[in-house]
Amino acid sequence: MTPLLTGQDHSPRRILAHLADTGLMPSGVRSAADIVVTKCTSRNSGYLVEWVGGEAWFLKFPQSLEQAMTARHEVAVYRALSATDFHQLAPRLIHYEPSPMLLVLQGFPHTDPSDPLLISSRRSLVRAGRLLGRTLALLHDLPHGDDDPPALPPPSLRMDLPPLGLRAHLGGAASELIRLVQQDAALTGSLARCRDNWGRNGWTHGEIKWPHCLLCRAADEDTVSVVRLVDYEFAGVGDPAWDIGCVFTSYLGSWLASMPSPTAATAESMVCRSALSTRDVQEAVTALWRVYARQRGLCNDERWAVLEAALSYTVAGLLWRVLESCVTQSDLPPRAVLALQLAHNLAHRPREGARHLLGLPLT
């Protein structure tokens, strides 16, 4: 068998030779000229392999022990999902080599980006929100059992309780952020509720962010028809409200990113001059939430219970984004301070935040 692809040699010819020796040669491929290999940026070394006929596979090569552990978990998730109706919306596991490790997954070549900053119209943004709400409802309603892989509580839920040894590895901005979080009763209370809420209530993706949400269309169509979720390294049975919180965090993150530099403007003018308007965010979020709640059949009390948990998870997600943005900084950048204030406001007055910031109906 050809050795696992290593180093920088991931040429179409080398990948083709490896697929041939593992018995995975796609039908219709006769030479390296019949395939196109595109490197994909992610935690792992990944390559989208497309061939004549429009089909595609995604090859993932874990590069460290930690990546290998999450890849093994991901394989268990794909195998569990393959027995459900949701496998049509998630990548199909085609081949797995445990040592050296290689995952071959179904690829999705005809996709559009889901980041609101890359969507051209509000109408398309709202449509994408509806489709994502449908996909999440399908995932969260899947039957689950004790044998299914668990989703571990994300580290962001313990932002106010970091390991003692972590401080020595953090820059000044990150240390300052943790200190501010620990001194804020609204934030610590919200994080405590997150930890208390966490349970094994349903299937979750675990890491919803725009690169993991693909707007897919048929090869001969221009209109997006479904949102597929990829990268299930942190998926499993956990709290579905976490995924909803991650979606809200992603919308708010795009909104913040669309604002002009905070060094040259007040907060009010930044909001007014943002490329992604508050109305854009609110209409997309509301469309997603209405479809999600309706498809899951949530009554009014259940809607608020899920929404309340999701808002607490949104606070945790915003704080984690701030931490990631300033981990190497000596001082908190102005945009991080704005996100921190947003997290505080949402934690302090979640109902008002849901209504006025996200535009969500509370009934």
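A: Asp231 sits in the loop between strand 9 and strand 10 (236–238). The model is predicted. The phi of Asp231 is near 65°, a positive value in a residue other than glycine. Most residues other than glycine have a negative phi. Asp231 also counts as buried, because its relative accessibility is 14% and the cut-off for buried is under 20%.

Strand 9 (226–229) leads on to helix 3, as this strand is among the elements that cover the buried residues of helix 3. The cover also includes helix 2 (65–81), strand 7 (202–204), strand 8 (213–216), helix 6 (240–257) and helix 8 (278–296).

Helix 3 itself covers residues 122–140, which makes 19 residues. From its first C-alpha to its last, helix 3 reaches 27 Å. That is close to the 27 Å expected at 1.5 Å a residue. The buried residues of helix 3 include Leu125, Val126, Ala128 and Gly129. Further along, Leu131, Leu132, Gly133, Thr135, Leu136, Ala137, Leu139 and His140 are buried too.

Now the cysteines. The structure holds zero disulfides. Cys246 is in no disulfide; the nearest cysteine sulfur, that of Cys213, is 9.6 Å away. Cys246 is buried, with a relative accessible area of 11%. Cys194 counts as buried as well, at 1% relative accessibility.

Note on methods. Residues are numbered from 1 along each chain as its sequence is written. This is a predicted model: local features need pLDDT of at least 70, side-chain atom pairs count only at pLDDT 80 or more; totals for chains, interfaces and linings use all residues. Side-chain values use heavy atoms; hydrogens and water are left out. Helices (H or I, at least four residues) and strands (E, at least two) are DSSP runs, numbered from the N terminus. The expected span of a helix is 1.5 Å times one less than its number of residues. Buried means under 20% relative accessible area, exposed over 50%, partly exposed in between (1.4 Å probe, protein chains only). Contact means heavy atoms within 4.5 Å. A disulfide is a pair of cysteine sulfur atoms within 2.5 Å.
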